[in-house]
Amino acid sequence: MNSPAAPPRPASRPVELRPVGRADRAVLTNLGQLFRHDLSESYGHVPNDDGSFNDRIVDLFLAGAEPEARGWLITAAGRTGGYVLTAADPGGGRTISAFFVVRGLRRTGVGRIAALEVIRMVPGRWVIGFQRYNPGVEDFWSAIATELTGDKWEIHDGPTPETRPPDTFITLDLVRAPWPDNRI
């Protein structure tokens, strides 16, 4: 018995980053809910009584609480595909505070292109935090760090919070723009 064919994947090229503006508040909030839902299994979170998830990172970004915070919507073939939020890292440099690609575009290269583009925008020190218990995320960020700096990056676990396993951090220093003229 043959299994039915999977539906076709949505178009994923070109991938573009568009800076988040005031008019994008609802889009970012809605995508943030999808992101928090994705993480709810790993974190063991359930929604609030109104069906929404708490999303402190998006809330703080939208409130302008961090003057160094930057955000981009990821588009793939002209359609909304996710978002990236960055901030100043307390130890110097930049950090990716949130990175989300909708499920239909995962494993299509959209996330890779978006991550590389964001980091390449600001050469220097980057700290990328993630949770190892989130399937595939360590391989993803390790591949990004390797593509950007070869073997010149480090990985370590942070302190262990009371409510969940520790976050893991990749630190890299992008000294110059290491990409060919024809870019991604």
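Modeller: Start with S142, which touches W153 and I170 once residues up to four places away in sequence are left out. Contact here means heavy atoms within 4.5 Å. The model is predicted, so local features need pLDDT of at least 70 and side-chain atom pairs pLDDT 80 or more, while totals for chains, interfaces and linings use all residues. Residues are numbered from 1 along each chain as its sequence is written, and side-chain values use heavy atoms, without hydrogens or water.

Colleague: Where does S142 lie, and why is S142 called buried?

Modeller: S142 lies in helix α4, residues 137-149. Helices are DSSP runs of H or I with at least four residues, strands are E runs with at least two, and both are numbered from the N terminus. Buried means under 20% relative accessible area, exposed over 50%, and partly exposed in between, with a 1.4 Å probe and protein chains only. The relative accessible area of S142 is 16%, so S142 is buried.

Colleague: What makes T171 count as buried, and which residues does T171 contact?

Modeller: T171, in strand β7 (residues 168-174), has 16% relative accessibility, so the buried label applies. Beyond its neighbours within four places in sequence, T171 contacts R125, W126, V127, W153, E154 and H156.

Colleague: R36 is an arginine in helix α1. Is R36 buried or exposed?

Modeller: Buried, because its relative accessible area is 16%. R36 touches Y43, H45, F53, N54 and D55, with residues up to four places away not counted.

Colleague: How many aromatic pairs does the whole structure have, and what makes F35 and Y83 one of a particular kind?

Modeller: The search finds six. Rings of Phe, Tyr and Trp (its six-membered ring) pair if their centres lie within 6.5 Å; planes under 30 degrees apart are stacked, over 60 edge-to-face, and the rest tilted. The centres of F35 and Y83 are 6.1 Å apart and their planes stand at 85 degrees, so this pair is edge-to-face. F35 sits in α1 (residues 25-43) and Y83 in strand β3 (residues 79-88), 48 residues apart, so the pair links distant parts of the chain by the DSSP assignment. Both residues are buried.

Colleague: What kind of pair do Y83 and F100 form?

Modeller: Tilted, at 6.0 Å centre to centre and 45 degrees between the planes. This pair too links distant parts of the chain: F100 is in strand β4 (residues 94-101), 17 residues from Y83. Y83 has 0% relative accessibility and so counts as buried. F100, at 3%, is buried as well. Ring pairs thus join F35, Y83 and F100 into a cluster.

Colleague: Is α3 mostly covered or uncovered?

Modeller: Mostly covered: nine of its 12 residues are buried. Among them are V110, I113, L116, V118 and R120.

Colleague: What divides the lining of the second largest pocket into classes?

Modeller: Ala, Val, Leu, Ile, Met, Phe, Trp, Tyr, Cys and Pro count as nonpolar, Asp, Glu, Lys and Arg as charged, and the others, Gly among them, as polar. The lining is V20, G21, R22, R25, F61, L62, G64, E66 and A69. That divides into four nonpolar, two polar and three charged.

Technical notes
1 Å grid on protein atoms, 1.4 Å probe; cavity = no way out; pocket = protein on both sides within 12 Å on 5 of 7 lines; lining within 4 Å.
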